[in-house]
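I opened a structure today and kept notes on what I looked up. The entries are in the order in which I went through the chains.

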Amino acid sequence: MAALPDPMVPIPYRVERYRKETHDTFTLELKPATAQRLSAFSAGQFNMLYIYGVGEVPISISGNPENGELIVHTTRAVGTVTTVMQSLRAGHVIGLRGPFGTPWPIEVAKGQDVVIVAGGIGLAPLRPVIYYLLNHRKKFGKIVILYGARTPEDILFRKEIKSWRKRLDLEVLVTVDRATGNWRGNVGVVTRLIARAPFDPYAAIAMVCGPEIMMYYTVLELMDQGIPKNQIYISMERNMKCAVGFCGHCQYGPHFICKDGPVFPYERIENLFTKREI
Amino acid sequence: MEDLKRLLASHPFFKDMKEDHIAFLAGCGKNVRFEPGEFIFRNGEPAEKFYLVRHGAVSLEIFVPGRGAVMIETIREGNVMGWSWLVPPYRWHFDARALELTRAIEMDGKCVRKKCESDPSLGYELMRRIAAIMQERLKATQLQLIDVYRKD
Amino acid sequence: MVVIEPAALELLFSALKEKGYHLVGPTIRDNTIVLDTLRTPADLPIGWEDEQQPGQYRLQHTNHTAYFNYVVGPQSFKKFLHEPRLTLFKAIKDGHAFDIQTPPDNPPAYAFIGIRACELAAIHIQDKVFLESDFQDPHYRARREKIFTVAVNCNRPGANCFCTSWGTGPEVTENADLILSEIFIEKTHLFLVKPGSSKGKEILENIPYREANAEILERHTQQMQQARQAITKRIESEGIKELFYNNLDSPHWEKVAERCLSCANCTMVCPTCFCTTVEDVTNLQGTEAERIRRWDSCFTADFSYIHGGSIRKSTASRYRQWITHKLATWQDQFGTPGCVGCGRCITWCPVGIDITEETQALRQIISVES
């Protein structure tokens with residue numbers, strides 16, 4: 001009997017480019033280092049990144065799913081492994097496993113308005129969706145991108161946001177929780193942008209990503225504006241050690257975030273969302 | 001007056017309010033306009049007005065010694081600004097500065113208070129709406145307070 | 001069904017060893033019945049009996065000649081199929097890159113001697129996790145494919161057993177390679193043997209046996225009946241999924257948390273618990289790194305840790321997670337409950353928390369409220 005591939009063994013990928021985004025967030029662009037490669041991914045999925053001798057972390061893919069072999073990950077340094085990752089440079093090799101998880105509902109969204117609400121690092125897992133929407137613009141109705149960051153210094157992908165804003169066929173609203181320096185833009189939580197956003201709640205799909213508490217209030221506001229709960233999608237996060245449904249860490253009620261998520265229609269996890277310590 | 005009644009009725013704050021109530025209140029209002037950078041009100045000044053923003057953007061700020069003006073929220077079209085006219089000692093608690101060309105309806109607080117006293121049903125209606133706005137602001141402020149994007 | 005003499009067990013052991021099996025089964029160590037390598041049938045706990053209560057385990061030696069007058073100890077055969085500690089791969093440093101080496105995985109072919117009905121059921125439950133879900137675990141599979149099972153019917157259930165509630169015992173009703181029943185009629189001591197597979201039949205040919213007569217079969221039926229009646233604990237499985245799903249906010253969890261030490265014993269002894277974690281170690285020079293998988297427990301403080309803190313900080317939430325998973329969410333995940341009624345979690349809980357009682361307590365809260 002042929003040996004079963006072990007889903008826990010990573011494939012070597014080489015850093016093509018390391019880019020600093022903000023004081024604690026950075027982007028890695030990766031290409032295969034050997035003949036092995038991961039299969040094509042969909043927006044919303046994630047990989048497990050292995051750093052030699054340090055550990056492994058789940059990171060959402062933040063690049064263009066139609067961009068061939070290049071794999072892009074935007075990460076915030078919040079723990080041991082991600083902090084060590086800040087020392088990576090072009091030419092360094094890391095291990096990759098994936099892609100894992102359920103994708104954002106791009107197919108379902110075709111023909112409808114799309115409301116994207118991102119909080120903090122949550123913009124990274126949504127960027128692949130934005131790329132797809134903009135490259136296939138005609139397939140979608142109105143597109144609204146709402147982005148909330150902690151302070152102006154924490155705003156990700158500034159150049160890209162500027163280029164999105166220049167377009168006439170989408171609405172981009174950015175806000176910060178706290179203003180610093182010369183900020184002249186919006187101040188206030190991202191939920192406050194929703195009421196002003198131009199979309200038809202009866203024909204819209206919302207995709208929300210950010211800290212759980214931010215997603216919760218965003219979902220409430222979206223529903224207040226008339227979007228039904230089965231048209232709202234969120235991306236959940238839990239501790240992960242394997243990403244293949246064996247280690248048990250990522251369980252959220254009966255769902256394994258690694259294979260039943262991370263993207264869920266809100267309706268499916270509505271009952272769990274308000275439960276504490278679940 | 002006709003013009004103002006129409007403007008009031010079209011502002012979200014007065015949505016679904018009875019026509020005669022709006023007409024009654026229109027007597028307290030007037031159209032105003034602020035240039036970019038102009039102060040609409042300042043912390044500590046007597047607060048006798050509230051504003052229904054129709055166009056533009058206003059920054060609510062607190063000036064912190066050593067830090068300068070700290071922007072706490074942006075008020076845009078469709079929003080209402082100011083409720084210090086309701087509660088003694090009727091003084092503003094922040095600065096409000098226009099970020100861009102801003103047009104608003106300025107409602108005279110004393111006038112509105114008088115009208116509310118003579119018509120309690122109008123008073124109740126107004127209170128209801130203002131309470132809703134305060135609640136929304138409070139929720140948003142609380143969310144800002146818990147600093148959702150912090151690392152730990 | 002055939003009958004063999006106890007002395008023939010020696011021949012059974014030799015036949016299995018000849019076929020290349022590594023025999024493991026119950027043996028005494030540290031005042032407990034553990035599962036370890038068996039060289040001869042004399043390694044089995046002959047004459048030993050166990051007394052199990054919530055939070056209590058005692059062994060006593062008797063002059064009885066029975067090989068299997070006890071039930072399960074703190075270990076389960078899970079430790080042979082789902083290794084407590086396993087190297088996933090080695091990474092050899094090469095400048096800023098590294099080479100990955102996967103060590104060859106050639107596990108022995110185990111013969112599980114004296115495996116009970118509940119344990120066989122537990123293996124089937126773990127099969128669903130590691131072989132029948134979205135991904136397959138090659139390490140589990142490599143071990144699982146090779147096993148030979150010599151199952152044993154339970155004559156003397158423990159006070160904490162409740163296999164009857166799930167239909168997972170005391171009698172072995174599914175196919176093991178060989179199923180043994182230890183029979184005592186007056187002074188006669190025999191083993192009734194039922195081969196459950198062609199592998200089992202083949203091994204049986206190496207042992208002298210004779211046909212089982214009506215008296216022996218009658219005695220077997222009697223013993224099984226007595227065993228079933230001896231089981232006193234019970235869990236009501238009707239509507240159990242909904243019971244837990246509807247009571248996530250019950251104040252009951254705080255009550256259990258007053259006693260629960262979050263020590264993780266229950267998860268370590270449970271034959272179906274499968275959670276693991278990974279560890280990265282390097283040699284002193286830093287030239288080689290190893291990624292190791294080892295058992296973990298949802299009761300540990302950082303099991304649910306994400307940046308910002310653990311999702312389940314309180315003992316109440318962790319106990320709720322364990323029992324809800326075991327009895328409810330497991331059904332939605334894998335199509336069966338996660339519990340086989342072996343009673344280990346009750347025996348080995350230092351404070352004697354009883355999963356059947358906690359379930360009953362929850363039902364009572366509901367009926368009082370309604």
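**Entry 1: the kind of model**

I noted before anything else that this is a predicted model.

**Entry 2: chain A as a whole**

I looked up the secondary structure of chain A and found 6 helices and 15 strands.

**Entry 3: the domains of chain A**

How does the domain assignment divide chain A? I found domain 1 at 11-100 and domain 2 at 106-235. The C-alpha centres of these two domains of chain A are 24 Å apart. I then looked at their contact, which takes 15 residues from domain 1 of chain A and 14 residues from domain 2 of chain A. On the domain 1 side of that contact I have 3 nonpolar, 9 polar and 3 charged residues.

I went through the backbone with one reminder in mind: most residues other than glycine have a negative phi, and most peptide bonds are trans.

- In chain A, the peptide bond from A:Gly261 to A:Pro262 is cis, with omega near 10 degrees. I located A:Pro262 in the loop between β14 (255-256) and β15 (263-265) of chain A.
- In chain C, a cis peptide bond joins C:Gly169 and C:Pro170, and omega is about -5 degrees. I placed C:Pro170 in the loop between α5 and β10 (178-185) of chain C.
- A:Phe157 is not a glycine, yet it has a positive phi of about 50 degrees. I found A:Phe157 in the loop between β8 (143-149) and α4 (158-166) of chain A.

**Entry 4: chain B as a whole**

I counted 4 helices and 8 strands in chain B. Read from the N terminus on, the elements of chain B run α-α-β-β-β-β-β-β-β-β-α-α. Along its principal axes, the C-alpha trace of chain B spans about 50 × 30 × 30 Å. A compact globule of 152 residues would have a radius of gyration near 15 Å, and the 16 Å of chain B agrees with that.

**Entry 5: two helices of chain B**

I picked out helix α1 (residues 2-10) and helix α2 (residues 19-26) of chain B, which pack at an angle of about 120 degrees with their axes 9 Å apart.

Which residues meet here? From α1(B) I listed B:Leu4, B:Lys5, B:Leu8 and B:Ala9, and they meet B:Ile22, B:Ala23, B:Leu25 and B:Ala26 in α2(B). By class, this contact of α1(B) with α2(B) has 7 nonpolar, no polar and 1 charged residues.

**Entry 6: chain B against chain A**

I found 15 residues of chain B in contact with 21 residues of chain A. On the chain B side, β5 (68-76) and α4 (120-145) each supply at least two residues. The largest share of that side, 6 residues, comes from β5(B). The side of chain B that touches chain A has 9 nonpolar, 2 polar and 4 charged residues.

**Entry 7: chain A against chain C**

This contact takes 37 residues from chain A and 43 residues from chain C. The elements of chain A that give two or more residues to it are β4 (55-60) and β6 (93-100). The side of chain A that touches chain C has 17 nonpolar, 12 polar and 8 charged residues.

**Entry 8: the domains of chain C**

For chain C, the domain assignment gives domain 1 (2-85 + 106-230) and domain 2 (240-273 + 297-369). Their centres, taken over C-alpha atoms, are separated by 28 Å. I found 26 residues of domain 1 of chain C in contact with 23 residues of domain 2 of chain C. On the domain 1 side, β5 (56-61), α3 (117-130) and α5 (163-166) of chain C give two or more residues. The largest share of that side, 8 residues, comes from α3(C). By class, I have 13 nonpolar, 10 polar and 3 charged residues on the domain 1 side.

Definitions and conventions
Residues are numbered from 1 along each chain as its sequence is written. Chains are lettered from A and ligands numbered from 1 in the order in which they are written. This is a predicted model: local features need pLDDT of at least 70, side-chain atom pairs count only at pLDDT 80 or more; totals for chains, interfaces and linings use all residues. Two residues are in contact if their C-beta atoms, placed from the backbone, lie within 7 Å. Ala, Val, Leu, Ile, Met, Phe, Trp, Tyr, Cys and Pro count as nonpolar, Asp, Glu, Lys and Arg as charged, and the others, Gly among them, as polar. Domain bounds come from an automatic or database domain assignment. Axes are lines fitted to C-alpha atoms, for helices over the stretch in contact, and angles run from 0 to 180 degrees between N-to-C directions. The radius of gyration is taken over C-alpha atoms; the globule rule is 2.2 Å times the number of residues to the power 0.38.
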